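Dear colleague,

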Amino acid sequence: MPFQQVAHLFSNVVEVTEDYYPPACELRKITNDTIAACDALDGREDGVVSRTDLCKLHYNVTASVGTPYACAASTGSSGPMRKRQVGGGASPAVNGTVSAQAARIAQLIDRGLFDSQGRHAYVSYQLAAGYGDASTTYNSATGHYEASASGIGVQWVNYFLEKTASTSLSLENVTYDALRDWMSPDLADFRQAGDKVIHFHGELDNSVPTAPSVIYHDAVRRTMFPGASYNESVAQPSEFYRLFLVPGAGDCAVNSAQPNGPFPQNVLASVIDWVENGVNPERLNATVISDVATVADKEQRLCSFPLRPLWHGNATMECVYG
(Lines give C-alpha, C1' and ligand atoms only; values in the text may rest on other atoms or scores of the structure.)
Protein backbone atom coordinates (compact mmCIF):
# COMPACT_ATOMS: atom_id res chain seq x y z
CA MET A 1 0.00 0.00 0.00
CA PRO A 2 2.67 2.52 -1.06
CA PHE A 3 0.37 5.54 -1.24
CA GLN A 4 -0.47 5.15 2.46
CA GLN A 5 3.18 4.78 3.47
CA VAL A 6 4.29 7.72 1.35
CA ALA A 7 1.38 9.82 2.63
CA HIS A 8 2.97 9.70 6.09
CA LEU A 9 5.82 11.81 4.65
CA PHE A 10 3.51 14.48 3.24
CA SER A 11 3.19 16.61 6.38
CA ASN A 12 6.95 16.80 6.86
CA VAL A 13 7.47 17.68 3.19
CA VAL A 14 5.03 20.56 3.71
CA GLU A 15 7.18 21.78 6.60
CA VAL A 16 10.39 21.49 4.59
CA THR A 17 8.81 23.23 1.60
CA GLU A 18 7.53 26.07 3.78
CA ASP A 19 10.75 26.11 5.84
CA TYR A 20 8.87 26.20 9.12
CA TYR A 21 8.96 23.50 11.79
CA PRO A 22 6.36 24.13 14.49
CA PRO A 23 6.63 22.46 17.88
CA ALA A 24 3.93 19.85 18.40
CA CYS A 25 2.39 22.10 21.04
CA GLU A 26 1.63 24.80 18.46
CA LEU A 27 -0.16 22.40 16.12
CA ARG A 28 -1.95 20.82 19.08
CA LYS A 29 -3.33 24.26 19.94
CA ILE A 30 -4.70 24.58 16.40
CA THR A 31 -6.30 21.14 16.71
CA ASN A 32 -7.86 21.96 20.08
CA ASP A 33 -9.24 25.25 18.74
CA THR A 34 -10.70 23.40 15.76
CA ILE A 35 -12.41 20.88 18.03
CA ALA A 36 -13.82 23.64 20.22
CA ALA A 37 -15.13 25.58 17.22
CA CYS A 38 -16.65 22.60 15.40
CA ASP A 39 -17.94 20.57 18.35
CA ALA A 40 -21.47 21.98 18.31
CA LEU A 41 -21.99 21.82 14.54
CA ASP A 42 -24.01 18.63 15.02
CA GLY A 43 -26.27 20.36 17.57
CA ARG A 44 -24.58 18.85 20.62
CA GLU A 45 -21.58 20.02 22.65
CA ASP A 46 -19.85 16.83 23.77
CA GLY A 47 -16.22 17.34 22.79
CA VAL A 48 -16.69 15.25 19.64
CA VAL A 49 -16.58 16.67 16.10
CA SER A 50 -19.29 14.64 14.40
CA ARG A 51 -19.70 16.97 11.42
CA THR A 52 -16.22 17.20 9.96
CA ASP A 53 -17.86 18.10 6.65
CA LEU A 54 -19.42 21.24 8.13
CA CYS A 55 -16.20 21.98 9.99
CA LYS A 56 -14.30 22.04 6.71
CA LEU A 57 -16.92 24.31 5.16
CA HIS A 58 -17.22 26.83 7.98
CA TYR A 59 -13.99 26.87 9.99
CA ASN A 60 -10.61 28.35 9.12
CA VAL A 61 -7.60 27.37 11.20
CA THR A 62 -6.21 30.90 10.85
CA ALA A 63 -8.58 31.73 13.72
CA SER A 64 -5.89 30.33 16.01
CA VAL A 65 -3.24 32.83 14.90
CA GLY A 66 -2.17 34.99 17.83
CA THR A 67 -3.71 32.76 20.51
CA PRO A 68 -1.39 31.51 23.28
CA TYR A 69 -0.13 27.96 23.73
CA ALA A 70 2.07 26.34 26.35
CA CYS A 71 3.30 22.80 26.98
CA ALA A 72 5.50 21.22 29.62
CA ALA A 73 8.84 19.62 28.82
CA SER A 74 8.69 16.15 27.26
CA THR A 75 11.06 13.23 27.74
CA GLY A 76 10.18 11.52 24.46
CA SER A 77 7.44 10.15 22.23
CA SER A 78 4.61 7.94 23.36
CA GLY A 79 1.11 7.03 22.33
CA PRO A 80 -0.55 6.13 19.04
CA MET A 81 -0.04 9.50 17.40
CA ARG A 82 3.71 8.88 17.26
CA LYS A 83 3.84 5.17 16.56
CA ARG A 84 4.68 5.64 12.89
CA GLN A 85 7.30 8.33 13.46
CA VAL A 86 11.08 8.37 13.67
CA GLY A 87 12.58 10.65 16.28
CA GLY A 88 10.40 12.24 18.92
CA GLY A 89 13.15 12.80 21.50
CA ALA A 90 13.08 15.04 24.52
CA SER A 91 11.89 18.62 24.10
CA PRO A 92 11.90 21.59 26.48
CA ALA A 93 8.91 23.41 27.89
CA VAL A 94 7.52 25.71 25.24
CA ASN A 95 5.11 28.63 25.11
CA GLY A 96 4.17 31.30 22.62
CA THR A 97 1.37 32.37 20.31
CA VAL A 98 0.23 30.50 17.22
CA SER A 99 2.02 31.90 14.19
CA ALA A 100 0.72 32.53 10.70
CA GLN A 101 3.35 30.04 9.48
CA ALA A 102 1.92 27.27 11.66
CA ALA A 103 -1.60 28.02 10.46
CA ARG A 104 -0.40 27.82 6.86
CA ILE A 105 1.27 24.46 7.57
CA ALA A 106 -2.03 23.20 8.99
CA GLN A 107 -3.98 24.55 6.01
CA LEU A 108 -1.70 22.90 3.47
CA ILE A 109 -1.85 19.57 5.28
CA ASP A 110 -5.64 19.77 5.55
CA ARG A 111 -5.86 20.62 1.84
CA GLY A 112 -4.11 17.40 0.85
CA LEU A 113 -1.37 16.61 -1.63
CA PHE A 114 -1.45 18.51 -4.93
CA ASP A 115 1.23 18.16 -7.58
CA SER A 116 2.84 21.00 -9.56
CA GLN A 117 0.07 20.78 -12.17
CA GLY A 118 -2.62 21.34 -9.56
CA ARG A 119 -3.83 17.74 -9.58
CA HIS A 120 -5.12 16.31 -6.32
CA ALA A 121 -2.89 13.30 -5.60
CA TYR A 122 -4.03 12.36 -2.09
CA VAL A 123 -6.81 13.29 0.32
CA SER A 124 -5.60 14.29 3.78
CA TYR A 125 -7.09 13.83 7.22
CA GLN A 126 -10.32 15.50 8.25
CA LEU A 127 -10.15 18.72 10.25
CA ALA A 128 -9.77 18.10 14.00
CA ALA A 129 -7.99 14.78 13.43
CA GLY A 130 -4.69 16.31 14.53
CA TYR A 131 -1.28 16.60 12.91
CA GLY A 132 0.61 13.57 14.20
CA ASP A 133 2.59 13.12 10.99
CA ALA A 134 3.78 16.73 11.26
CA SER A 135 5.52 16.07 14.58
CA THR A 136 8.95 17.66 14.77
CA THR A 137 12.05 16.80 16.80
CA TYR A 138 13.88 19.25 19.02
CA ASN A 139 17.61 19.53 18.28
CA SER A 140 19.25 20.44 21.59
CA ALA A 141 22.50 21.35 19.83
CA THR A 142 20.91 24.02 17.63
CA GLY A 143 17.94 24.90 19.81
CA HIS A 144 15.60 24.46 16.85
CA TYR A 145 12.88 22.04 15.82
CA GLU A 146 13.41 19.83 12.76
CA ALA A 147 11.26 17.63 10.54
CA SER A 148 10.89 14.10 11.89
CA ALA A 149 10.16 11.85 8.93
CA SER A 150 7.66 9.05 9.42
CA GLY A 151 9.39 5.72 9.97
CA ILE A 152 6.96 3.72 7.86
CA GLY A 153 7.31 6.17 4.96
CA VAL A 154 11.10 6.19 5.20
CA GLN A 155 11.24 2.41 5.21
CA TRP A 156 9.02 2.11 2.15
CA VAL A 157 10.99 4.63 0.11
CA ASN A 158 14.40 3.30 1.10
CA TYR A 159 13.83 -0.45 1.10
CA PHE A 160 11.32 -0.84 -1.71
CA LEU A 161 11.88 2.11 -4.03
CA GLU A 162 15.50 3.19 -3.61
CA LYS A 163 16.76 -0.31 -2.69
CA THR A 164 18.93 0.98 0.13
CA ALA A 165 19.11 -0.40 3.67
CA SER A 166 18.89 2.92 5.49
CA THR A 167 16.63 4.10 8.29
CA SER A 168 17.04 7.79 7.45
CA LEU A 169 15.78 9.89 4.56
CA SER A 170 16.53 13.52 3.76
CA LEU A 171 13.43 15.44 2.73
CA GLU A 172 15.33 18.53 1.57
CA ASN A 173 14.86 17.80 -2.13
CA VAL A 174 11.60 15.89 -1.92
CA THR A 175 8.86 17.72 -3.83
CA TYR A 176 5.12 17.19 -3.97
CA ASP A 177 5.65 15.70 -7.43
CA ALA A 178 8.12 13.21 -5.96
CA LEU A 179 5.54 12.14 -3.39
CA ARG A 180 3.01 11.71 -6.19
CA ASP A 181 5.42 9.54 -8.16
CA TRP A 182 6.25 7.43 -5.11
CA MET A 183 2.53 6.72 -4.79
CA SER A 184 2.26 5.53 -8.38
CA PRO A 185 0.35 2.28 -9.00
CA ASP A 186 2.60 1.53 -11.98
CA LEU A 187 4.64 -1.44 -10.76
CA ALA A 188 6.29 -2.18 -14.11
CA ASP A 189 9.85 -1.81 -12.78
CA PHE A 190 8.96 -3.87 -9.73
CA ARG A 191 7.55 -6.59 -11.96
CA GLN A 192 10.48 -6.54 -14.38
CA ALA A 193 12.92 -6.98 -11.50
CA GLY A 194 11.21 -10.25 -10.62
CA ASP A 195 9.95 -8.90 -7.30
CA LYS A 196 6.81 -10.23 -5.62
CA VAL A 197 4.55 -8.71 -3.00
CA ILE A 198 1.93 -10.18 -0.71
CA HIS A 199 -0.22 -7.31 0.48
CA PHE A 200 -2.57 -8.20 3.33
CA HIS A 201 -4.85 -5.89 5.28
CA GLY A 202 -7.16 -6.45 8.22
CA GLU A 203 -10.67 -5.98 6.93
CA LEU A 204 -11.68 -4.19 10.15
CA ASP A 205 -8.54 -2.08 10.57
CA ASN A 206 -9.45 1.00 12.61
CA SER A 207 -6.07 2.71 12.17
CA VAL A 208 -5.26 2.44 8.46
CA PRO A 209 -8.50 2.17 6.43
CA THR A 210 -8.94 -1.00 4.41
CA ALA A 211 -10.63 0.63 1.42
CA PRO A 212 -7.47 2.37 0.10
CA SER A 213 -5.80 -1.04 -0.21
CA VAL A 214 -8.65 -2.17 -2.44
CA ILE A 215 -8.48 1.10 -4.39
CA TYR A 216 -4.73 0.69 -4.88
CA HIS A 217 -5.13 -2.91 -6.07
CA ASP A 218 -7.68 -1.71 -8.59
CA ALA A 219 -5.41 1.19 -9.65
CA VAL A 220 -2.58 -1.25 -10.38
CA ARG A 221 -4.93 -3.31 -12.52
CA ARG A 222 -6.27 -0.32 -14.47
CA THR A 223 -2.89 1.41 -14.86
CA MET A 224 -0.82 -1.55 -15.97
CA PHE A 225 -3.39 -3.45 -18.04
CA PRO A 226 -5.75 -0.81 -19.45
CA GLY A 227 -6.78 -2.77 -22.54
CA ALA A 228 -7.55 -6.05 -20.83
CA SER A 229 -10.93 -7.31 -19.73
CA TYR A 230 -11.71 -7.19 -16.02
CA ASN A 231 -10.91 -10.86 -15.44
CA GLU A 232 -7.71 -10.63 -17.47
CA SER A 233 -6.57 -7.43 -15.74
CA VAL A 234 -7.18 -9.05 -12.35
CA ALA A 235 -5.32 -12.23 -13.28
CA GLN A 236 -2.23 -10.52 -14.70
CA PRO A 237 -1.16 -8.60 -11.55
CA SER A 238 -1.48 -11.83 -9.57
CA GLU A 239 1.73 -12.95 -11.27
CA PHE A 240 3.63 -10.54 -8.99
CA TYR A 241 1.14 -8.82 -6.66
CA ARG A 242 -1.61 -10.32 -4.53
CA LEU A 243 -3.93 -8.64 -2.06
CA PHE A 244 -5.50 -10.58 0.81
CA LEU A 245 -8.15 -9.10 3.09
CA VAL A 246 -8.07 -10.70 6.53
CA PRO A 247 -11.61 -11.25 7.89
CA GLY A 248 -12.22 -9.68 11.29
CA ALA A 249 -8.61 -8.49 11.70
CA GLY A 250 -7.67 -5.06 13.00
CA ASP A 251 -4.52 -2.98 12.55
CA CYS A 252 -1.62 -5.43 12.15
CA ALA A 253 -3.21 -7.82 14.63
CA VAL A 254 -6.20 -9.91 15.59
CA ASN A 255 -9.26 -7.88 16.52
CA SER A 256 -10.12 -8.64 20.16
CA ALA A 257 -13.80 -8.01 19.43
CA GLN A 258 -13.78 -10.83 16.84
CA PRO A 259 -11.42 -13.46 18.29
CA ASN A 260 -12.51 -16.19 15.87
CA GLY A 261 -10.85 -14.34 13.01
CA PRO A 262 -7.59 -15.76 11.60
CA PHE A 263 -4.35 -13.87 11.06
CA PRO A 264 -1.45 -14.65 8.67
CA GLN A 265 1.57 -16.13 10.47
CA ASN A 266 4.10 -17.08 7.77
CA VAL A 267 3.81 -14.40 5.09
CA LEU A 268 7.56 -13.99 4.64
CA ALA A 269 7.93 -17.73 4.05
CA SER A 270 5.20 -17.52 1.40
CA VAL A 271 6.97 -14.63 -0.34
CA ILE A 272 10.28 -16.51 -0.33
CA ASP A 273 8.60 -19.63 -1.70
CA TRP A 274 7.00 -17.53 -4.43
CA VAL A 275 10.25 -15.82 -5.46
CA GLU A 276 12.59 -18.79 -5.16
CA ASN A 277 10.34 -21.71 -6.07
CA GLY A 278 7.59 -20.13 -8.17
CA VAL A 279 4.82 -21.12 -5.74
CA ASN A 280 2.22 -18.43 -6.40
CA PRO A 281 0.03 -18.10 -3.27
CA GLU A 282 -3.50 -18.28 -4.64
CA ARG A 283 -4.59 -18.67 -1.01
CA LEU A 284 -2.76 -17.37 2.06
CA ASN A 285 -2.41 -19.45 5.21
CA ALA A 286 -3.81 -17.83 8.35
CA THR A 287 -4.25 -19.06 11.90
CA VAL A 288 -6.85 -18.38 14.59
CA ILE A 289 -4.56 -17.47 17.49
CA SER A 290 -6.83 -15.90 20.12
CA ASP A 291 -7.00 -17.75 23.44
CA VAL A 292 -10.76 -17.18 23.59
CA ALA A 293 -11.54 -18.36 20.05
CA THR A 294 -14.37 -20.89 19.79
CA VAL A 295 -13.96 -22.17 16.22
CA ALA A 296 -12.54 -25.64 15.69
CA ASP A 297 -10.75 -24.98 12.39
CA LYS A 298 -7.80 -22.90 13.56
CA GLU A 299 -5.89 -23.18 10.27
CA GLN A 300 -7.60 -21.32 7.43
CA ARG A 301 -6.69 -20.17 3.92
CA LEU A 302 -7.53 -16.63 2.84
CA CYS A 303 -8.87 -15.70 -0.59
CA SER A 304 -6.84 -13.58 -2.97
CA PHE A 305 -8.78 -10.39 -3.74
CA PRO A 306 -11.09 -9.76 -5.59
CA LEU A 307 -12.29 -13.26 -4.70
CA ARG A 308 -14.28 -13.34 -1.47
CA PRO A 309 -15.00 -16.13 1.04
CA LEU A 310 -18.26 -18.07 0.89
CA TRP A 311 -18.88 -20.69 3.56
CA HIS A 312 -21.16 -23.68 3.14
CA GLY A 313 -22.77 -25.08 6.24
CA ASN A 314 -20.12 -23.52 8.52
CA ALA A 315 -17.80 -26.29 7.37
CA THR A 316 -16.24 -25.61 3.97
CA MET A 317 -15.24 -22.39 2.24
CA GLU A 318 -14.73 -21.44 -1.39
CA CYS A 319 -13.44 -18.23 -2.96
CA VAL A 320 -15.96 -16.55 -5.26
CA TYR A 321 -16.45 -13.27 -7.10
CA GLY A 322 -18.72 -10.91 -5.21
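Predicted model: local features only at pLDDT ≥ 70, side-chain atom pairs only at ≥ 80, totals over all residues.

Residues are numbered from 1 along each chain as its sequence is written, and side-chain values use heavy atoms, with hydrogens and water left out.

The protein chain is divided into domain 1 (1-161) and domain 2 (176-321), with bounds that come from an automatic or database domain assignment, and the C-alpha centres of the two domains lie 31 Å apart. Where they meet, 24 residues of domain 1 are in contact (heavy atoms within 4.5 Å) with 15 residues of domain 2. The area buried between them (the accessible area, with a 1.4 Å probe, that two parts lose on being put together, summed over both) is about 1700 Å², and carbon and sulfur atoms give 71% of that area.

Between the domains there is a count of 1 salt bridge (a side-chain nitrogen of Lys or Arg within 4 Å of a carboxyl oxygen of Asp or Glu), and the side chains of D115 and R180 meet in a salt bridge at 3.0 Å, N to O.

On the side of domain 1 that touches domain 2, the elements giving two or more residues are α1 (2-18), β3 (113-114), β4 (120-122) and α5 (151-161), where helices (H or I, at least four residues) and strands (E, at least two) are DSSP runs numbered from the N terminus. Of these, α1 gives the most, with 10 residues.

With best wishes
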